[in-house]
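Trainee: I am new to this structure and would like to go through it slowly, one question at a time. Could you show it to me before we start?

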Amino acid sequence: MTKGMRGGFTLVEVMLAGAIAVLMTLALMEGLIVSAKISHENSELLAADAFAWDTAWKWLNKSYDDLPAQADGRVYDSATDTAMAMTTNDCPVLNFEHAGGDPRVVVRVVMCEGTGAIARHGTNVKVKRIDVDVEWGPAGDRKCLNGLCGSANYSHPVSVYKSQIDRGVLE
């Protein structure tokens with residue numbers, strides 16, 4: 001060892017190591033923020049999807065004759081029909097406080113007959129297709145599943161078919 005040299009780090013080395021540590025910490029924090037945002041968006045999408053399927057199931061369990069339909073589709077909208085409005089308990093993730101705006105539910109019932117009918121056992125069965133869409137979020141940044149409410153963000157169709165053949169009844 002040369003006389004007069006001391007062991008340890010210089011001030012420049014310490015400052016460089018500190019700067020690298022700060023940059024790594026900032027990158028990690030940015031990653032956490034992005035992952036939290038993605039997680040929040042996914043929870044809203046999953047909640048909207050679950051609520052849309054619950055709504056489709058409720059409409060599927062109605063009598064065939066109680067589902068008025070037209071060839072171009074009859075639309076039921078929670079914005080104009082308060083009986084369809086989503087309550088806070090129906091879907092807490094999408095309620096006004098969490099999503100920034102009132103959620104909207106749209107159900108369209110379309111008569112499918114002729115070429116649009118469903119083929120079953122060699123014959124065409126007349127059916128009614130029930131399409132459901134959910135829209136949520138603050139004004140100016142609304143999201144919707146499939147475009148019934150407006151422009152689709154996710155292109156995620158939620159549709160079920162109801163035929164005149166009802167399910168069996170327990171006696």
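Trainee: Is Asp131 buried or exposed?
Mentor: This is a predicted model, in which local features need pLDDT of at least 70 and side-chain atom pairs count only at pLDDT 80 or more, while totals for chains, interfaces and linings use all residues. Residues are numbered from 1 along each chain as its sequence is written, and side-chain values use heavy atoms, with hydrogens and water left out. Buried means under 20% relative accessible area, exposed over 50%, and partly exposed in between, with a 1.4 Å probe and protein chains only. Because Asp131 has a relative accessible area of 4%, the residue is buried.

Trainee: With which residue does Asp131 form a salt bridge?
Mentor: A salt bridge is a side-chain nitrogen of Lys or Arg within 4 Å of a carboxyl oxygen of Asp or Glu, and a search of the whole structure finds six of them. For Asp131 the closest N and O atoms are 2.9 Å apart, and the partner is Arg129.

Trainee: Which residues are linked with Asp77 in a network of salt bridges?
Mentor: Asp77 lies in strand 1, residues 74-77, where helices (H or I, at least four residues) and strands (E, at least two) are DSSP runs numbered from the N terminus. Asp77 is buried, because its relative accessible area is 13%. The residues linked with Asp77 are Arg104, Glu135 and Arg142.

Trainee: What backbone nitrogen does the side chain of Asp77 reach?
Mentor: A polar contact is a pair of N or O atoms within 3.5 Å; within protein, one must be able to donate a hydrogen and the other to accept it, and residues adjacent in sequence count only if both atoms are side-chain atoms. The side chain of Asp77 makes such a contact at 2.9 Å, and the backbone nitrogen belongs to Ala79.

Trainee: Which side chain of opposite charge is nearest to Glu44?
Mentor: Glu44 is found in helix 1, and its side chain makes a polar contact with the side chain of His40 at 3.0 Å. For charges, Lys and Arg count as positive and Asp and Glu as negative, while His and the chain ends are not counted. Glu44 is buried yet has no salt bridge, and the nearest side chain of opposite charge, 4.2 Å away, is that of Lys143.

Trainee: With which residue does Lys143 form a salt bridge?
Mentor: Lys143 is buried, with a relative accessible area of 14%. The closest N and O atoms are 3.9 Å apart, and the partner is Asp141.

Trainee: How far apart are the end C-alpha atoms of helix 1?
Mentor: The expected span of a helix is 1.5 Å times one less than its number of residues. The 50 residues of helix 1 should therefore span 74 Å, which agrees with the distance between its end C-alpha atoms, 73 Å.

Trainee: What separates the C-alpha atoms of Ala50 and Val134?
Mentor: Ala50 is found in helix 1, residues 11-60, and is partly exposed, because its relative accessible area is 38%. Ala50 and Val134 are 84 residues apart along the chain, and their C-alpha atoms are separated by 10.0 Å.
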